[in-house]
Amino acid sequence: MKAQSAPSDHPDGDGGRQIVPDFNRTASVGLDRSRETMRRIMQMSLAYRRQAGLAILCTILGVLAQLTIPLLLGRAVDQAQTALTAGGGTAQLLPVALMLLAMSVLRGLLTMGQNFFAESVGHHLARQIRAMVYDKIQRLPFSFHDRVHSGELITVGMLDVEGVRMFFSTGFIRLIHLVLLIGIGGWLLISTDPALGLLALCFVPFAAWRSIVSHLTLRATWLVLQEKLAVLSRVMEENLAGIRVVRAFSAQLYEMAKFDGASKTALELAHRRVRIRVTNSSAMSLSFFLAMALVLLVGGRQVANGTTGIGALTSVLTFMTILQMPVRQLGMMVNSFARASTCGTRIFTLLDLEPVIADAPGAPELKITDGTLRFENVSFSFDPDSGPKALDDISFEARRGETIGIIGAPGSGKSSLVHLIPRFYDATSGRVTIDGQAVNEVTLASLRKAVAVVQQDSFLFTTTIENNVAYGDPATADHRLHAASGSAQLHDYVTGLPEGYGTVVGERGGSLSGGQRQRLSIARSLLLDPAIMIFDDSTAAIDAGTEARLRTAMQERAPDRVTLIIAHRLNSLKHADRILFLEEGRIVESGTHEKLIALGGRYAELHVLQMGSAEESAA
Amino acid sequence: MSTMQQQPQDYSADAPVGSRLRATVGSTRIEEDIFGRAFDGRIMSRLWAFVAPYRSRVIVAVIAVLIFTATQLAIPLIIRYAVDYGIAPARDSGLDMSHLGRAVALFVAVVIANAIANLIQERVVGDLAENVLFDIRRAMFGHLQRVSLSFMDKTEVGRLMSRLQGDVNSMQEFLETSVMAVGDFALLIGIVVAMLWLDVQLGLLVLSVLPILFIVRIFWIKKARDAFMAAHQSNSIANGALAEAIHGVRAVQSMGREELNLGLYSRLADRVLSTHIHAARLAQIMVPIVDTLTGIAMALVILVGGSMVVSGRLEIGGIIAFLFYIQRFFDPIRSLTLQYSVMQRAMASGHRLIEVLDVPKAITDKPDAEPLTEADDGSVEFRNVVFGYNPDEPVLRDVSFRVNTGETVALVGPTGSGKSSAMALVHRFYDVQDGAVLVGGRDVRDVTQDSLGHHIAMVLQEPYLFTGTVIENIRYSTEHASVDQVIEASKAVGAHDFIMRLPEGYDTLLDERGGNLSQGQRQLLSFARALVADAPILILDEATANIDSYTEMQIQKALQRLLEGRTGLIIAHRLATIRGADRIIVLQKGSVIESGNHDALMARDGLYAGLYNLNHGSFDDLGTPSDPNLAS
């Protein structure tokens, strides 16, 4: 992660600028950053005091219970041995057997507690972080979302949360478990028989080292493999989505070659990972068993010498089998640390971002009185430091009841202009005011209630048409909802559907055509009854006849609001009270349709271009 | 979730009485089955076809896993030998260490064999599973290149992707675990046999706890699986809601839904929490059960085995061996029951994979199909063509027309009139039901599809760009095209200038779907792509989108250049295009109803004249406004 995304470097409200985090997935995290991340994860985890405390307590007691088992087994063997050699009953075996049973049950219960409470901490933490990420994403401004790919954010919200969630149980608690096991167990072993104890532990450093190295290598190759697989899945996804192009150019062989190329590198990497995993796991097993062979040899000699009991040898051997698994899993723990640190850093980088577009402290609500919109020498640029100006010194005024048309070539700043009104972006200089109140000095909620924008490609939510229309006012009354979709020329279509307003539409619009989607999004905005209504080229897919009826329907409420229309079709603008012609961010012509035609400038030229071939068809 | 709609009071204090809160986040779409029947012979035999090429490796892996299991089983026995024949006698009768030495040597030999067998087994199985995974994926991907387009139209890309990825991956998991399952099974049997061999009575006694575990686990696994499913589902619902919030963030913010959505999402997150806690509880409940049973078994060995030692029936090493076996004893049972779930999951996935592989290839070359060559002309002819995606509902009825080499013909007609279907037939995306489509004077069914593809260049309504550089996109599958040819084509369609203004010119990487280009620019690139392909026939589905007038002019110019010296068949929406055509064919409900040039058709005063007069400046919405299904 680059230093620029550190929280201390935050922008100071200079327009729409937002420092964009670098969500590079293979980048390594600096040590300081990593330590800070782990500190925060631990702090948040330990805040679930009861569960975290119980998890730690169960872990400690569980290790103790677990360690008694080899001792009890050893004692049982010794007692059986004594009974054999010295004669006497087997009655004394009963307490040992019962103790063993009791300790097994206890160990089971404590292990259950350890795992359950540790996972519980993780799930609670994930619940908390999920909501924080969701909230943050919703509040970061357009400029942030323009620059950060949606896929990156989804990965943060899914995989990274998962990485942090797993840490407490698979990293922290298991580490405590292992440290206690080796510490107490090793001490017990060495204090009873130093030579045998050391031999029994001799595989630990080697296995731990291989485990850590192999997991870190596996993690590194995993990240690369993920990249390769992403390429492969992009090749497949683009092929399937563009299958008509593929067929049209008879490009099947070409596409198969692309697929094979992408798959070959991924496959090679996958084989490499198998090799790393297998070699290391075999080496770890071998080291463990060779240590056992040494214990058997040396311990056997000691038993034969009489310096050690056969029970003690049994204890040592059983202890080794208990220790084996956690040691082999040491790599997993290290892996869990590494994963939590990179995942956590990405999450915190996101959470630490402060939305540059937010309510000013103590901002009042917007009060609509006359309903007058004013631009006062407004300039705007997406990147205030170096970028070109998207808007340059724009001034105009629109009063309640007026319709303002905006036209201009792509990139001339039409959308930027209207996006400043609901504060999707902030002006770099100048003021946008509504009834004298600057938009950046009132609350966002009240501002956006007063200003509705119908976007060019309307996003529909995967739910019913009803819920989509009511999106901005879910508690609205049925008649208002129907009236809004009636004005948007949608109602008749919807009632003709088998499931009417209950029809589910999807993000991609499902069964709706482009024009129907646009009408739905118009209905959604109309329902809010805004003081300022903006159409951002949002009637392009609606046929001319429907558009005319739409216009008529909207005229009813037009006296109560300011309407801004961006369009390419001059037909959509002809009726405007004023038309602003934008070129490279400046208003170059302004006036009514007739006035601009008479002016004989750019607008008139465009008019000739559009109508020239259709003069007889103009309605 | 439906439960959310019933609790409006939380978020809308000012809601009118009796109204509902019409708000949800995310989709509630039900997921596909995760588990299938544990065993389905038909699916297995189909899947075996992918494993069969690696048959010899499977045999090696199974042998290795059996050796591995045998060495695992041998270890407690060697320890027993060491104790009973090496250590105890040596202690009791002088220091003869030869038995112990022999035992340890044997032990070392066995553990080395164990490591080697493990190495071979895991390596072979791991590699094999990866290979099979890629083979299956390749077979499916290759198959999808040839299946009928109507299947592709009906099927969401996301759904196919989850087949190609999720389902294929669960097959990999299945392959890896099924070889392990052989080992686990052998281990379980081996432990049983070894215990009975050590002492029948004690062995039977210890084994009596086994059925208890089996019974408990059978009851448990069903509950655990339900819990796991619920957790999985709640998780994917919440993730869906998050994805929606990200994609729709602009709509969310402009409608001021942040607060409400956070509340709704929090409930989804709560549900994720509660289902996962429940699943964790169920998963962990098995731990004390297994430990208790282990404890009982160990206690039995000590009590009963201890008295057997005293009575001389069993050596002390025998007890140690028993204790070792007991500790390993539950592992194979645990992993076998887990593998049962893996197997069920694999069957469900396998079923879906086979479904894809079984989608018929609608169009195949005839065995004696010949290639179209440059010698064939650029004419297109429809002879009494009848065609429908569903045979009972023809979309083209008895359509006949001919386009001569070099002619430009515009197809117009309302939505659903069959224009696009007619175009698709020229390229043989589908086969006619009756009649024939001829290209270059030859029935498209008699020529190879590949050569047909090179005889026809096609420009689709929506320009489609791939991730890659500009030059890769223009060249696309015409790989032999030189850089000069690409530049020449781009100049011809008027794309060269804007390409040169991109940061790295022709080597500029395009964003996903060409997101860094305007709609018009993407259109021009797809024109250049068709020009580079340099086919005698051009089929073009004109974009309906409203493009600004400047770009529109550029596109018209490019189109003229594209049509030079070629046969052109255009689904036209633009007046300029239609007027420039040599002939206009008007389709309605799958039949040709008018045909002729613009003036002739206007003079006829039929459907064309009507549509033409209705339209305002562009020709894109030919639906009659009175019909809500056709409008827009």
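How many bridges join strand 3 of chain A to strand 11 of chain A, and do these strands run parallel or antiparallel? In this predicted model, the two are joined by 5 bridges and run parallel, with strand 11 covering residues 578-583. Within that pairing, Gly408(A) sits opposite Leu582(A) of strand 11. Strand 3 of chain A also pairs with strand 10 (residues 562-566) of chain A, again in the parallel sense, over 4 bridges. There, Ile406(A) faces Ile566(A) across the pairing.

Strand 1 (residues 373-380) and strand 4 (residues 429-434) of chain A run antiparallel and are joined by 5 bridges. On the charged side of things, a network of salt bridges links Arg374(A), Glu376(A), Glu397(A), Arg399(A) and Arg431(A).

Turning to where the chains meet, 153 residues from chain B and 153 residues from chain A take part in the contact. Together the two chains bury about 14,300 Å², and 65% of that is on carbon and sulfur atoms. There is a polar side too: 8 salt bridges are counted between chain B and chain A, along with 37 residue pairs in polar contact, both residues at pLDDT 80 or more. On the side of chain B that touches chain A, helix 10 (residues 258-310) of chain B gives the most, with 31 residues. One salt bridge pairs Asp478(A) with Arg22(B), whose closest N and O atoms are 2.2 Å apart. Leaving aside neighbours within four places in sequence, Ser263(A) is in contact with Leu232(A) and Phe134(B).

Chain B comes to 21 helices and 12 strands. Of its 632 residues, 56% are buried. Among contacts in chain B with a separation of 6 or more, 76% are between residues 24 or more positions apart. An unreviewed UniProt entry lists residues 58-79, 99-120, 179-198, 204-220 and 285-304 of chain B under "transmembrane region". In the model, residues 58-79 of chain B are 100% helix and 0% strand, with the end C-alpha atoms 32 Å apart. Residues 99-120 of chain B are likewise 100% helix and 0% strand, and their end C-alpha atoms lie 31 Å apart.

Over all chains, the salt-bridge count comes to 45. Side chains of opposite charge can pair when their charged atoms come close. One pair is Arg139(A) and Asp135(A), which meet at 2.8 Å, N to O. Both residues lie in helix 3 (residues 93-139) of chain A, 4 residues apart, or about one turn of the helix. Arg139(A) counts as partly exposed at 30% relative accessibility, and Asp135(A) is partly exposed as well, with a relative accessible area of 21%.

A second bridge, between Glu583(A) and Arg602(A), has its closest N and O atoms 2.6 Å apart. This pair links distant parts of the chain, 19 residues apart: Glu583(A) lies in strand 11 of chain A, and Arg602(A) in helix 21 (residues 602-611) of chain A. Glu583(A) is partly exposed at 32% relative accessible area, and Arg602(A) is partly exposed at 32%.

In chain B, the side chains of Glu407(B) and Arg583(B) form a salt bridge at 3.0 Å, N to O. Glu407(B) sits in the loop between strand 2 (396-403) and strand 3 (408-412) of chain B, while Arg583(B) lies in strand 11 (residues 583-588) of chain B, so the pair links distant parts of the chain, 176 residues apart. Both Glu407(B) and Arg583(B) are buried.

How values were computed:
Residues are numbered from 1 along each chain as its sequence is written. Chains are lettered from A and ligands numbered from 1 in the order in which they are written. This is a predicted model: local features need pLDDT of at least 70, side-chain atom pairs count only at pLDDT 80 or more; totals for chains, interfaces and linings use all residues. Side-chain values use heavy atoms; hydrogens and water are left out. Two strands pair if DSSP finds at least two bridges between them. UniProt positions are given in the numbering used here, feature names are shortened, and annotations may be inferred rather than shown by experiment. Contact means heavy atoms within 4.5 Å. Buried area is the accessible area (1.4 Å probe) that two parts lose on being put together, summed over both. A salt bridge is a side-chain nitrogen of Lys or Arg within 4 Å of a carboxyl oxygen of Asp or Glu. A polar contact is a pair of N or O atoms within 3.5 Å; within protein, one must be able to donate a hydrogen and the other to accept it, and residues adjacent in sequence count only if both atoms are side-chain atoms. Buried means under 20% relative accessible area, exposed over 50%, partly exposed in between (1.4 Å probe, protein chains only).
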